[in-house]
Amino acid sequence: MPNLASQQSSKLKQSITGPLLFLFILGDVLGAGIYALVGKVAGEVGGAVWIPLALALFLAMLTAASYAELVTKYPKAGGAAVFAERAFKVPLISFLVGFCMLAAGVTSAAGLSLAFAGDYLKPFLDVPATPTALVFLLLIALLNARGVKESVRANVVMTVIEVSGLVLVIVVVGLMFGRGGGDASRVLEFNPAVSPGAGILAASLLAYYSFVGFETSANVAEEVLDVQRVYPKALFGALLTAGGIYVLIGLASSIALSADDLSSSSGPLLQVVQATGFGIPDWLFGLIALVAVANGALLTMIMASRLAYGMAEQSLLPPVMGRVLPGRRTPWVAIAVTTLAAMALTATGDLSSLAETVVLLLLFVFISTDVAVLVLRKDEVQHKHFRVPVILPCLALASCVLLLFQQGPDIWLRAAVLLGIGLGLFLLTRWSHTRGQRGRTSDQEPLTRAGRARGETGSPML
């Protein structure tokens, strides 16, 4: 049965069903990255692109298992920040974990807005990139403020388009292979410049990034119907579906083109479709890519606004961030603030540095979550929830630490600046909260003295 107690205590509206949640997660994982990722993976491993994609799926499932346990155990908006607060009992740690997630989401949306306003849009509309990106973010904010149900329904349409485009690649290559085209032997070829093991590892670390996005679903847990039953099925089902599509894309790409051709292309899937000879228009993949980018930005901003709302509810951000629209019951202040932050990053950052910063920030979040699921094993709750074997979060933690040290010093510096801003916000919020408490205490002191005076003179005492 649904957890009615948690639903009734929430100010947010529970309107996300299991199928909607599945498509929410699938749409966030199947982002625009796959359209460029295949070529980069081929450059590392050779023609055996599908192997590191399958291994990356396994690594992502490890951390996803930690999320499945904690989300069903504590189904509150705020995600990893809530988990850190319960596990470590240190407000600063909880804030930094939540702010890493928040900063990653806003930074990701900024990067996606630049991608939307770039080369994919030019065949349809040749306009300046930065103003277009800002307008794009504003439209995303308006849809987000209208309601999570409307936003998730829009995600359903966009996810279907994304998946259809990838299925199209798989089908046309299958038809080409059935006619005697392509070369299936390439799917077991490795990069001759490195050993197979080293090539698979390097490519798996790269392919892992394509599965990032599942964690955003933790921040809408408070708006999911029957979250304890629905969430694990939707999470693992979406990841397995995305992983299956990625593996098939890897196989199809290597059958259609050599590893050298894939790695030298900035649009490898477009090159794959062209190699089949079926005459599919180039503009079609441009449109699909725009839909994929828009979908990723929408889901990311839903996550960021709900996270900001959840942190405000936990007194980690100013309480004004917890205000909701009376009719729509959406966190409008959090939506406005996160949108303005994304606009600022869009105007000052470039796509590649923003994307790399997102990865580093999320790895900190994943490490915290994997540790939290172990620490919170001793914390019992009154309802049933999903549980994972202890070995899985341990393996997930090791994989995240390995990925953490693949980042360059310039990315570490950018992340440090963002976290410095977050630390300043934390100190300001704590100062305001402490000042408010002192003000209330000062107001109560005259009343207390008056009460004592009445007692001393024989006045009635309650």
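The model is predicted, so to speak of local features a pLDDT of at least 70 is needed, side-chain atom pairs count only at pLDDT 80 or more, and totals for chains, interfaces and linings use all residues. Residues are numbered from 1 along each chain as its sequence is written, and side-chain values use heavy atoms, leaving out hydrogens and water.

**Salt bridges**
- A search of the whole structure finds three salt bridges (a side-chain nitrogen of Lys or Arg within 4 Å of a carboxyl oxygen of Asp or Glu).
- Arg377 and Glu69 pair at 2.8 Å, N to O.
- Arg377 sits in the loop between helix 15 (351-375) and helix 16 (391-404) and Glu69 in helix 4 (residues 50-73), so this pair ties together parts 308 residues apart in sequence. Helices here are DSSP runs of H or I with at least four residues, numbered from the N terminus.
- Glu223 and Arg306 form another bridge, with their closest N and O atoms 3.3 Å apart.
- Asp226 bridges to Arg229, with the closest N and O atoms 2.7 Å apart.

- Glu69 is buried at 0% relative accessibility, where buried means under 20% relative accessible area, exposed over 50% and partly exposed in between (1.4 Å probe, protein chains only).
- Arg377 is also buried, at 18%.
- Both Glu223 and Arg306 are buried.
- Asp226 is buried at 9%, whereas Arg229 is partly exposed at 48%.

**Helix crossing**
- The axes (lines fitted to C-alpha atoms over the stretch in contact, with angles from 0 to 180 degrees between N-to-C directions) of helix 2 (residues 18-29) and helix 10 (residues 227-256) come within 8 Å and cross at roughly 40°.

Definitions and conventions: Helices (H or I, at least four residues) and strands (E, at least two) are DSSP runs, numbered from the N terminus.
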